[in-house]
Structures are given as C-alpha cells and as structure tokens.
Amino acid sequence: MVALRNSLIWPFLMIMVLHGMAIFLFTRGFLLTRTELPHFSTCSDISDSPCISPSSYSSNLNQTHLHQLQCWTRPVVDRLVIIVLDALRFDFVAPSACFEEKKPWMDKLQVLQKLASTQGSSARIFKAISDPPTTSLQRLKGLTTGGLPTFIDVGNSFGAPAIVEDNLIYQLVQNGKRVVMMGDDTWLQLFPHHFEKSYPFPSFNVKDLHTVDNGCIDHLLPSLYQEDWDVLIAHFLGVDHAGHIFGVDSTPMIEKLEQYNGVLENIIEVLESQSGPGGLHENTFLLVMGDHGQTINGDHGGGTAEEVETSIFAMSLKTTPSSLPLELNTSCCELHLDKENMCINSIQQLDFAVTVSAMLGIPFPFGSIGRVNSELYALGSGTWNLESINVGNRQTQLNMQSWMRDYVNVLCINSWQVKRYIDVYSASSIIGFSSEDIMRITDIYAQAEESWSHTIKNLLLDKNESCNTMLPIKRQIDAYSNFLASVAELARSKWTEFDLKMMGVGLGIMLITLVIQFLGIKRMNKTCEVNFPSPGDSWTSFGLIFSIFIVMIRACSFLSNSYILEEGKVASFLLATTGILKFRNSILKKKMLLEAVVFLLLVFIFRLTIELGLSKQAFSSGFTNIPLWMYIAEIVPMLALVLLAYFLYKSIDDTACVGLLKFVIAVTILSYLLIAVHWTMESNLVGTPLMLQGTGKGLIPRIIYAIGIGQLLILALGRLFGKEKALDSKKGLILKVVAMLSAWSSTVIIVSGKQGPLVALASIVGGWCIMRLENLEHESRDGSVGVLNLSPLPVTQWSLLAVSLFFCTGHWCAFDGLRYGAAFIGFDDFILIRQAILLTIDTFGFSLLLPIFGLPFLVAHQYPSVQSNQRKPFIFARLSQAYMIYGLITATTVTFTIICVTIQRRHLMVWGLFAPKFVFDVVGLILSDFVIVLVSLYYFG
C-alpha cells in the first residue's frame with residue numbers, strides 16, 4: 001500500500017516541477033526588464049552635443065540667472081515644491097463643466113480651479129497621461145527616470161528596491177540641489193541616500209487614511225519658511241487609501257479632498273506671501289500632481305482611462321508672464337467655470353523628468369526619452385499668459401522670440417540626449433532595437449540636426465531678433481518634436497526584449513505536461529490495480545466530449561482581449577450551459593428537478609454578482625444611505641455564519657466523528673463566533689466599548705489566524721502519527737474533507753469580509769447541486785458497472801464554479817483587482833510575507849484553496865459497493881483521477897493564456913491586460929499544483 005501511495009503522489013510532484021520550469025523559462029523570455037544602463041549624465045557632456053551651451057550665448061530673457069552656475073540649460077526657477085496626491089483622478093482637479101455629468105467628488109479642490117481660471121494667472125491645470133501598469137512604484141520610477149515602466153517591477157510594489165539608473169533625484173543631489181522629502185516612505189526605499197532631510201511614514205496600511213497625510217501637514221508648512229532646501233517633495237496617501245477601502249463615491253473620499261483643499265490653500269497662501277521681490281519664494285514653482293488615477297472602485301494598476309489619467313496643477317510665483325506662441329500651445333480653453341475661462345492642457349508623464357531638469361538647469365537623466373513640455377517650461381520661464389497676447393506690443397514679441405530661441409536650444413539638447421541614449425542602449429543591450437528602427441530614427445534626427453547646424457545655430461548665435469527668424473525656429477522645433485515623438489512611439493511598441501527561444505521552450509514544456517497529465521489519468525486505473533469496465537455507455541462518452549468542448553471554449557476565449565475583460569461572465573455562461581444540460585436530464589428522468597432549478601438560480605445570482613460585484617463598489621453606493629439596507633448588510637452575514645456553524649455541528653453530531661476530526665470541526669464553530677463578535681464591534685449599528693474597539697479589532701482576527709494554523713497542524717500531525725482508517729468508509733472520507741475545509745474556512749471568511757459567509761454558502765449549495773445531479777446519471781445505470789467510471793463533467797463544473805467564485809468575490813485578473821485592505825485585517829503594520837499570505841488567501845481562498853480541498857466530495861458522493869480489499873485502491877484511484885482532471889483543466893486554460901500573450905506580445909494592451917492575466921493565471925497554476933500535492937499527502941500519505 002505504501003508503494004501504491006507513493007506512485008500516486010509523485011506524478012503530482014513531477015507535474016508541479018514541470019509547470020514551474022515552464023513558467024520560469026517563459027517568464028524569463030516574456031517579462032524581461034528593460035536593460036538599465038550604468039551611465040549618468042554630467043554637465044561636461046554638453047560639450048559633445050551640437051547644441052549651444054548656456055555660457056555660449058545669452059538672450060534678453062532671464063538675465064538675472066546668468067550669474068548662476070550653468071550646466072545644460074539656463075535655470076528658469078530657483079525652488080520647486082512638488083505635492084504628490086497619490087491616485088489623484090483627473091476629475092478630482094478639473095472642473096465638473098469638463099464632464100457630461102457632475103459627480104459628488106468633483107469640484108472639491110476649488111482653490112486649484114479658482115487659480116487656474118483667474119484672468120492673468122500664472123497657474124494652469126494639465127491632464128497628465130501615465131503609462132500602464134499604474135502601480136505607485138512604477139509611476140515614481142517613470143516620473144524620476146523619464147523612462148517607460150517595465151512590467152516585471154509590479155512584483156516589487158510592496159518592497160521597492162533602490163533605483164540604480166540615472167534619475168531626477170540623483171541629478172538634483174549631484175548638482176548641489178538640496179532635496180527634502182516627507183510622506184510616503186516609498187521615496188526613501190527608491191532613493192535611500194539622496195535627501196537632505198526626510199520625514200517618511202509607513203505607506204502600506206491602506207486602512208490608515210491619516211498617518212501619512214498628517215505627517216506631511218505637520219512638516220510641510222513649517223518647511224516652506226525655511227531656506228535649507230531647493231526642492232521639496234510631499235507625498236500624500238489619503239486619497240489612495242480611501243479609494244482602496246471605500247471607493248471614489250464615498251464620504252471618506254470627499255472628506256479627504258476637502259481636507260486637501262484646505263491644505264493647498266494654506267500652502268499657496270504661504271508661497272504667495274513671500275513671492276515679492278527679494279522674497280524667499282520670488283522664483284518658486286509649485287506642482288500639485290498625481291502619480292496615477294484610480295477606478296470608481298478605488299483600484300489602480302491597469303491601463304484604463306480612469307487609471308492612466310491623472311492631473312498636474314502648475315503655478316509660477318513670478319509676476320504675470322507674457323505670452324506663449326499659439327503654435328506651441330495645446331490648451332483647450334472652451335470650458336468655463338463661473339463664466340471664467342478655464343484652460344486644460346495635456347502632458348505625458350514621460351516628459352516630467354526632463355522638463356523639470358530643464359527648468360532647474362541640471363543634466364537630463366541619461367535614460368530619459370521624454371520631451372521638454374513647451375507649456376510647462378514656458379510657465380516656469382514666465383513667458384506664458386494667453387490673455388496678455390498683443391501682437392502690436394513690441395516688447396511682447398521680443399520676449400516671445402527670446403523664449404523660442406531658448407526653447408529650441410533646449411529641444412536640441414533634449415534630442416541629442418535621447419539619441420545618445422538610444423545609440424548606447426542598442427549597442428549595450430542583448431537585443432536592443434531592430435536595425436530598421438534605428439535607421440529610421442537616425443534619419444529623422446539627421447534631418448533635424450542638419451537644419452540646426454546649417455541655419456538655426458547661426459541664427460541663435462547671431463543674436464539678431466528679427467521677425468524673419470521666427471519661422472525657421474518654429475520649423476526646427478517641429479523637427480525635434482517629431483524625432484522625440486518617434487522615439488517615444490518606438491519605445492512603447494517595442495521596448496520589451498522578448499526572448500522568443502526561451503518563450504518557445506517554456507510553452508513546449510507546458511504542452512508536454514498536458515500530454516503527461518492526460519496519460520496520467522488513463523494510467524491511474526492500472527496503477528491502483530482496479531478492474532474498471534470499459535466506458536462504453538453513451539453518457540460517459542457524451543460527458544467526456546461535452547467537457548472537452550466547454551474547456552476548449554473557455555481556453556480559446558483567452559485569445560481575445562474582449563473575452564478576457566468579460567472572463568467572469570464567460571465562466572458563468574458556460575457553467576449555466578452545463579446546468580441547462582443537467583436540467584434537461586432531470587426533466588427527462590423526472591428526478592432532482594429541485595436541485596437543477598436551484599443550480600440554475602445560483603448561477604443566475606453569480607452572474608448578477610459578477611456584474612455588480614460583492615465588493616466595495618456595491619457597499620459604497622447609494623444603498624448604504626438607506627437604513628433598511630444597512631441593517632440587511634449587517635445582519636445577513638451573521639445569519640449566514642450561524643447557518644454555516646449549524647452545518648458543521650450536524651457533521652460532528654455523528655458517532656463516526658471522533659477524536660481529532662471532531663475537535664478541529666468544533667473549534668471552527670468557535671472561530672465563527674469570534675468572527676461574529678469582530679464584525680459586531682466594527683458595526684456602526686451597535687455601540688462598542690472604546691477599549692474593545694482599540695484592542696479587540698486587531699486581537700480577534702489574530703486569534704482566528706492562530707486557531708486556523710493550530711487546526712492545520714493538528715490535522716497534519718494526525719496524518720503523520722495517527723492510525724486512522726478514514727478512507728475505508730464514505731462517512732470517514734467526508735469527515736476528513738469537512739475537517740480540512742473547516743480549518744481553512746474561518747481565515748478565508750474573515751479576510752473576505754462580510755461577503756465571506758454568503759460566498760461560502762453559495763459554494764456549498766453549488767457543490768451539493770453538482771454532486772446530486774451527477775448521481776442522477778449513475779442511478780439510471782444497471783448495478784455498479786457505470787459507477788466505477790469518473791465522468792469529467794462534474795469536475796469541469798467544479799472548476800467553473802471555482803472561477804465564478806473568484807469573480808463573485810470582487811476580484812478580477814488585474815492588479816487593481818486585488819483587495820489590499822484584506823491584507824491588513826488584524827494588523828496595522830506592514831510585514832511583506834505576512835501581508836502577502838493574507839492577500840493570497842483573500843484572492844484565491846474561495847476560488848482555489850477551498851474548491852481543491854473539497855474536490856473529494858465528488859468521489860465520496862459516488863461511493864461504490866466493491867470488495868473490501870479493493871475499496872482503498874478504488875478510492876485512491878478515483879481521487880487521483882479527480883485531481884488529475886482538475887489539474888488538466890487548469891493547465892489547459894493557462895497554456896492558452898501563454899499562447900495568447902505570445903501572439904499578442906506587441907498588442908497595445910499587452911501590459912495593461914494580457915500580462916496581468918498571465919501573471920494571475922500562472923500564480924494560480926503553481927498554487928493549485930502546490931495545494932494538490934498537499935492534498936495528495938493528506939489523503940494518500
């Protein structure tokens with residue numbers, strides 16, 4: 001028997017190893033990071049460029065800066081204040097008149113709107129476009145390096161490594177700029193030794209809306225009166241955390257925005273009070289910006305418009321600036337706020353690092369591929385105010401010409417720097433860009449440089465401010481802009497270095513593993529020495545064909561981005577299709593109609609919850625303001641918990657349940673009671689003592705986690721040292737499964753929130769219907785001949801049920817589909833491994849852990865009447881077949897996901913949609929393999 005058990009366990013181990021190898025190799029080929037070059041820009045580099053260094057010529061503009069140490073460009077601002085409001089949606093800043101419908105969260109930052117709409121103001125609102133994935137780490141890296149994000153960095157979002165390539169913060173420090181930071185401690189992880197002063201605060205507890213913000217407020221206003229900094233960075237997190245927990249359409253979000261409005265009013269008041277001649281902030285520039293947006297649910301990480309669109313509010317404290325040439329202005333000034341003109345401009349976040357570098361007069365980061373934004377640079381230069389345009393004003397025209405002469409030289413340096421980077425990158429990287437792409441980019445740059453060398457450079461050195469110089473300068477600006485836009489487009493389309501050979505090897509191993517799993521299913525009968533009759537009945541053949549058809553439809557749907565977006569609906573539709581087939585059989589045989597109807601009704605409910613979501617969006621909607629709904633939302637989960645506890649009590653109220661199994665199940669009932677107490681303390685409907693609110697809220701979840709770990713240890717030790725014969729009887733197998741599920745259930749339920757008991761009940765009802773309806777087919781067969789054949793159809797339904805549960809619990813295959821708040825239930829501080837485990841349990845608890853541990857119910861419900869000496873081998877064979885089929889279904893869908901991302905690797909949505917889907921699927925596959933190995937040890941070992 002020991003040899004038999006080992007022969008059943010090692011195939012699962014081998015499959016897990018093969019899957020791990022395949023995923024590792026494919027990932028190395030598909031998710032390669034961009035090569036980070038060990039090169040840094042220096043002031044002396046400018047001598048290698050064809051452009052004019054600031055010391056070589058002077059213009060009539062900004063003569064006061066000529067005495068300063070000059071590097072690549074002439075600095076146009078002295079001090080810079082950067083206020084980062086994490087997850088700042090564009091409609092948080094832009095006036096509601098910009099949108100078709102006014103929402104409750106709009107027009108809360110009125111101080112910014114008022115300044116941007118005031119005539120003659122030197123403040124502007126920009127729509128800032130970021131590049132997906134929109135996780136905070138990648139956005140900060142993109143903002144400071146001027147490069148595009150690399151998808152593999154998503155995995156480091158909870159443990160940011162220091163940036164080692166050239167970046168804005170490094171250049172500031174190297175060129176004598178004093179940088180002060182306060183707020184999100186991610187900055188200190190990315191730049192550990194760069195700040196003159198730093199006031200970091202822990203950022204990963206998404207339930208904490210105030211610690212980081214209050215820390216910023218306490219240090220920010222006093223710092224504005226100090227002279228010991230040149231660049232001040234304050235990173236607020238309240239809006240991001242309020243979105244994650246409550247969603248955008250919520251009272252905490254609106255309160256946060258109103259708080260920010262008051263803080264910004266105070267900041268601007270302090271800056272303006274010292275902006276006069278000789279004042280501390282005479283030439284200070286203010287930026288209020290987001291790193292990314294967020295969805296209505298408050299999530300981010302993907303590539304939707306809500307997530308990539310954020311905002312930048314820019315304000316110069318200089319005197320009223322003069323005009324920007326209309327040819328360079330991209331403002332849209334047809335919107336109105338209180339009958340005043342409001343101009344909305346656009347900027348790519350890719351351009352942020354190089355634009356700020358140009359304004360401060362420091363070298364551009366070596367790897368930046370952005371373009372110095374004309375509007376933002378002009379605002380900092382004091383040369384942009386559309387209302388002051390007067391073509392007859394000679395001095396205005398001279399100022400405009402002077403600024404354009406400066407700007408075209410800045411673009412010359414910008415283009416030379418980008419061309420230098422592209423050349424070095426292509427020479428240093430393993431693959432780099434193709435020769436055709438390099439030749440095309442080189443030709444565009446060569447044309448712009450030829451015009452510069454033969455015409456424009458002489459015009460600038462001539463210092464002749466004739467109007468005849470304007471047209472060629474504008475053409476030169478267009479030529480450089482065309483080159484920089486071409487490079488950015490090329491990088492976005494072909495940045496990632498795909499290793500097709502390694503991807504092919506990984507995909508090949510996955511295909512081989514599928515064949516091994518299929519053959520393994522057939523070998524189980526022979527391995528267990530059970531004499532199975534040949535499956536000759538028509539239902540077995542039809543069930544096999546129908547199962548293959550369903551699995552292949554779902555797998556092939558992953559080849560389309562539209563079906564990936566609607567994956568939950570596809571899974572519920574296919575599950576309903578199998579239910580309709582069972583319903584038809586029930587009608588024909590006039591049996592189990594109730595189970596068939598209940599199953600279809602349950603799938604219909606799944607479809608509704610997938611559409612509406614049992615997530616924070618549902619609870620942050622208008623229903624929360626209805627008293628009756630508030631009572632229902634609090635009481636129904638409690639009733640579901642009571643019902644679950646009753647089911648467990650009935651399972652142990654049996655003489656067959658003794659010893660460790662009975663103890664484990666009984667302790668789970670206690671855990672359910674603790675969960676009810678915990679939710680009661682968190683409820684707004686019941687007043688709780690202050691002491692319990694402070695201590696108990698964190699203590700009870702920790703007790704439940706400890707109980708769960710203890711239960712699992714007891715079951716593991718019982719299998720190692722006990723002499724149970726649970727597999728010899730149907731009740732014994734069922735109790736063994738119930739004990740394992742109960743040990744996991746309390747932790748899964750509490751991290752899932754108040755939807756947890758409802759989802760648990762739904763999964764029990766769904767599993768019960770699948771088992772009962774499958775028995776309908778066996779009852780119609782003669783004797784026990786057919787019962788020995790394991791039909792793949794119920795296993796397929798079990799798998800589809802698990803997928804539906806994933807989407808019903810408010811998850812989806814994107815990083816903004818992770819419910820980060822679940823990782824902090826019971827804890828306030830952040831420890832990577834602990835929070836990662838809790839987040840994994842929340843994400844895959846109902847859709848992976850519980851379905852896999854509960855799969856033996858399908859076998860136990862079809863317990864055969866065989867000779868006692870064949871009973872245990874038979875059960876082993878059936879369990880192994882069930883897990884082999886389940887694993888084969890999961891591996892098939894993941895294989896098609898891999899094929900999909902291979903085909904779509906150059907697709908526009910590869911990083912926003914296909915790559916997140918790939919990551920979720922392969923993580924789910926490896927976790928499934930690992931759990932199946934644990935299950936085989938538990939049931940077979």
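What handedness does the link of C51 and C412 have, given the torsion about its S-S bond? It's left-handed, at -90° about that bond. Keep in mind that this is a predicted model, so treat the geometry as computed.

The structure holds two disulfides, and here they are side by side:

| Disulfide | S to S distance | Torsion about the S-S bond |
|---|---|---|
| C43 to C71 | 1.9 Å | about -115° |
| C51 to C412 | 2.1 Å | -90° |

Let's take C51 and C412. Their sulfur atoms sit 2.1 Å apart. This pair ties together distant parts of the chain, 361 residues apart: C51 is in the loop between α1 and β1, while C412 belongs to helix α13 (residues 394-428). Both C51 and C412 are buried.

Now for C43 and C71, joined with an S to S distance of 1.9 Å. Both cysteines lie in the loop between α1 (2-30) and β1 (79-85), 28 residues apart, and the pair still counts as linking distant parts of the chain.

C71 comes in at 6% relative accessibility, which means it counts as buried, the cut-off being under 20%.

A couple of other cysteines are worth a look too. C769 is at 0% relative accessibility and therefore counts as buried. C808, with a relative accessible area of 3%, is buried as well.

Technical notes. Residues are numbered from 1 along each chain as its sequence is written. This is a predicted model: local features need pLDDT of at least 70, side-chain atom pairs count only at pLDDT 80 or more; totals for chains, interfaces and linings use all residues. Side-chain values use heavy atoms; hydrogens and water are left out. A disulfide is a pair of cysteine sulfur atoms within 2.5 Å. Helices (H or I, at least four residues) and strands (E, at least two) are DSSP runs, numbered from the N terminus. Buried means under 20% relative accessible area, exposed over 50%, partly exposed in between (1.4 Å probe, protein chains only).
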